[in-house]
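Dear colleague,

Here is the structure I said I would pass on. My notes on it follow below.

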Amino acid sequence: MAVNPARGDSAPDAVVVGAGHNGLVAANLLADAGWDVVVCEATEHIGGATRSGSVTAPGYTSDLFSAFYPLAAASPILAALDLENHGLRWSHAPDVLAHVLPDGRCAVLSRDLDRTVESVSSFAEPDGAAFRTMVAQWQQIEPHVLQTLFRPFPPVRPAAALARSLGMAGAARLTRMALQPVRRFGEEWFEGDGARILFAGNAMHADISPDGAGSAVYGWLMTMLGQTHGFPVPVGGAGRLSDALTHRLIAGGGTVRTHAPVERVLLREGTAVGVRLKSGERIHARRAVLADVNAPELYGSLLSAVDLPPRFLQDMKNFQWDTPTLKIDWALAGPVPWQAQGPRRAGTVQLGVDVDGLTTYSAALAKREIPREPFILFGQMSTADASRSPEGTESAWAYTHLPIRDHLTEDDIDRHVTLVEQTIQRHAPGFTDLILARYVQSPTRLARENPNLRHGAINGGTAQLHQQLIFRPTVGLGGAATPIDRLFLAGSSAHPGGGVHGGPGSNAARAALGRAGWTGPLKRAVTSALLTRLYRSEQTRDTNPIPRIDRADLAPRGRADQPFESSARGRLNSTTALD
Ligand SMILES: Cc1cc2nc3c(=O)[nH]c(=O)nc-3n(C[C@H](O)[C@H](O)[C@H](O)COP(=O)(O)OP(=O)(O)OC[C@H]3O[C@@H](n4cnc5c(N)ncnc54)[C@H](O)[C@@H]3O)c2cc1C
C-alpha cells in the first residue's frame, strides 16, 4: 500500500526506514519543517509495536504488542503533535495498576492519590505519608525530568533546569537514587510490602533485576507517571495511536509505503543518499536517511561492514538484547473473577511474584533458565476501554519474559502459557473457564510479525546502565548520529530507548534538520571528529581484551535481510538467535 501516492516522482528530502511510532514521529517532525518524506515499512502494517487487531474472537480487539501508554501520555514530544486532532482519544481504567502478591494481598496505584495512599498504608501506616511526600517532590520536578529524558543527548538545558530546581543537595540525592537498585530504594522509603512492590514491579517494565543498579529510577518514573498521568490506552486499540500519527503525516504531505522492506542504505563517499528496497527499487534521499530499526539490523544488515569503522563494529558486537517476550491475548466470556478486590478495577495487573520472587525471576533469565514462577504483566483491556470487547466480557493481554536461548521448543512455549494461566487462576478461580480463545505470540512469532523485535525483545536492547546514554546502542555520543553522514538511528536502540514516547524518533529528526541547516557542516565536522577519535583503531593502546574480529566475519552473509546476529551466531553470546 502506498499512502498518499499523490507525491511526485522526484527524490524526497528524507527516507524513513520503518513505520513504527518512532519512524512516524520523525517523519511528522520533518514534514512539519517542510521536508518531503517517504516512510518505507517492511510489513503490510503501519505502527510497528503499536498495533491492534482482532486475533482472538469476533468482536474482541487485541493490542498485538504494546498496550499501556504512561510514557506517551507524559511525552512532551507526542503532546506537541496534537494527535487528538487526528483522531486519538485516550481512555483510563478506574484504577491504574494493581500488584497481586503471591499470598493474595494486593497493592493498588490509582490516579486518585487518596486511594493509593490508603492502599500502601494498609501494609504499613507510615507509607502513605512517604508516598505523598514523594508525589509532591515529583510534581515539582516532573517537567524538567521529562524534558531531560526526552530531549536530545546531552540534555544540557533541561538538566541544568532540573539541577536548579532541586538545588545541589537535591540533585546529588536524585542522582544517587537513579543509580540505586529498586529493592534498596523501596527499603529506604517504605516499611511495607505494598509500596515496595509497586515500585519494584514497575521497574520490571525494563529488563533490570530489582537488585540491579538503575532499576530504582525506572520503578520511580513509571510509578510517578502512573500516579499523575495513569496508564491510559487509546480508545479502539493501540493501533489508533499509529493511525493518528499516520493521518497527521499524510495531512502534512508525507508518504507511507507498506510492503517496502529496505535491504540497504545507499552511500556515496561515506554519506547516506537513499535506500534500496528488497524489490531492487532505489529511493534517493536528498538530505537524510532515518532508520527506525534496531541497531544490529542497521549496522549489520542495512550497511556493509566495510562502510563502518572496525572499532565501532567491535564495540557493536557487545550490543546486548533485552530478554525475549512471550505474549498472550485472551477473549474472555466475562470479567476476571479476582479473589482480591484490588485488581478488579485496574487496567494493568502485575502478579506472580513479590520482590524476592522478582529477584529469582531475573536470576533465572540471567542464567538462561525458564523462570519457574513468572512475573506476569496482565492487561484488562476492556476495563481500560469498553470498546475492546462486547459488554460484560474482557479482552485480556499479558506478557512475561523468557531467557535468551538458542532454541525454545513449542512445548516450552505451551508449558509456559499453561503456567501463566495457572498463576492467574490461583488468584482468580474460574479464569480458565472464561477463556473463549487465546492468541499466543512466542518470541519467534513476535519477531516474525514485527521484524524489529529481534528475539521478541521489546526495548531495542537492554535498558541496563551499561547500554544507556552515551553507551546506547554502543559507546558513542548518545545521540542519533551514526558513523555515516546524514544517516540517523531513529528507533528504540537509540537514547532514550524503548517504550512509546517518540524520543528516539524526535531526536533523529532534530539531528537530521540540524545537519541540513546552515550550521550543519560544522556540526557534522565536530561529530565526525569525535567519532573518529572514539573509533580510531587502538591496536597498541587497547587495554580491553576483546579479541579483534575479522571484518569479513561482520559482513552480512547470505540473504540480504539476514540479521547481524545470524552472521555472528555462536560467537556473540548476547545475540544468540532463538529460531
Ligand atoms: C509485547 C510488547 C509489549 C510492550 N508493551 C509496552 C507498553 O505497554 N507500553 C510501552 O510504552 N511500550 C511497550 N512496549 C515497547 C514499545 O512497544 C517499543 O519500545 C516501541 O514501540 C518501539 O517503537 P519503534 O518505532 O522504535 O520500533 P517498532 O515499533 O518496532 O517499529 C519498527 C518498524 O520498522 C519496521 N522495519 C524493520 N526492519 C525494516 C526494514 N528493513 N525495512 C523497512 N521497515 C523495517 C518494522 O516492521 C516496524 O514496523 C512493548 C513492546 C512489546 C513487543
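α1 passes α17 in a right-handed crossing, a crossing being right-handed if the near helix is turned clockwise from the far one by less than a right angle, and left-handed if anticlockwise. The axes of α1 (21–32) and α17 (residues 503–516) cross at roughly 35° and come within 7 Å. Axes here are lines fitted to C-alpha atoms, for helices over the stretch in contact, and angles run from 0 to 180 degrees between N-to-C directions. Helices (H or I, at least four residues) and strands (E, at least two) are DSSP runs, numbered from the N terminus.

Two points on the source. This is a predicted model, in which local features need pLDDT of at least 70 and side-chain atom pairs count only at pLDDT 80 or more, while totals for chains, interfaces and linings use all residues. Residues are numbered from 1 along each chain as its sequence is written.

On the α1 side the contact is made by Asn22, Gly23, Val25, Ala26, Leu29 and Leu30, and on the α17 side by Pro504, Gly505, Ser506, Ala508, Ala509 and Ala512. Two residues are in contact if their C-beta atoms, placed from the backbone, lie within 7 Å. The contact of α1 with α17 has eight nonpolar, four polar and no charged residues. For these classes, Ala, Val, Leu, Ile, Met, Phe, Trp, Tyr, Cys and Pro count as nonpolar, Asp, Glu, Lys and Arg as charged, and the others, Gly among them, as polar.

α1 also packs against α10 (residues 239–251), at an angle of about 25° and with the axes 9 Å apart. The crossing of α1 with α10 is left-handed. His21, Leu24, Val25, Ala27, Asn28 and Ala31 of α1 meet Leu241, Ser242, Leu245, Thr246, Arg248 and Leu249 of α10. By class, this contact has seven nonpolar, four polar and one charged residue.

α17 in turn meets α18 (residues 520–534), where the axes come within 6 Å and cross at roughly 115°. Gly514, Arg515 and Ala516 of α17 touch Gly520, Lys523 and Arg524 of α18.

Next, the domains and the ligand. The domain assignment gives domain 1 (2–48 + 242–317 + 461–554) and domain 2 (90–233 + 322–449); such bounds come from an automatic or database assignment. The C-alpha centres of the two domains lie 31 Å apart. Contacts between them involve 15 residues of domain 1 and twelve of domain 2. The domain 1 side divides into five nonpolar, nine polar and one charged.

Where does the ligand lie? Both domain 1 and domain 2 give residues to the shell around the ligand, so it lies between them. The shell has 42 residues, the closest being Gly18, Gly20, Asn22, Gly48 and Ser66; a residue is near a molecule if its C-beta atom, placed from the backbone, lies within 6 Å of it. α1 and β15 (325–332) are the elements that give two or more residues to this shell, and the largest share, three residues, comes from α1. By class, the shell has 20 nonpolar, 18 polar and four charged residues.

Last, the backbone. Most residues other than glycine have a negative phi, and most peptide bonds are trans. The exceptions I noted include these:

- Arg472 and Pro473 are joined by a cis peptide bond with omega about 0°; Pro473 sits in the loop between α16 (443–449) and β20 (487–489).
- The bond from His495 to Pro496 is cis, with omega near 5°, and Pro496 is in the loop between β20 and α17.
- His259, not a glycine, has a positive phi of about 50°, and its place is the loop between β10 (255–257) and β11 (262–268).

Regards
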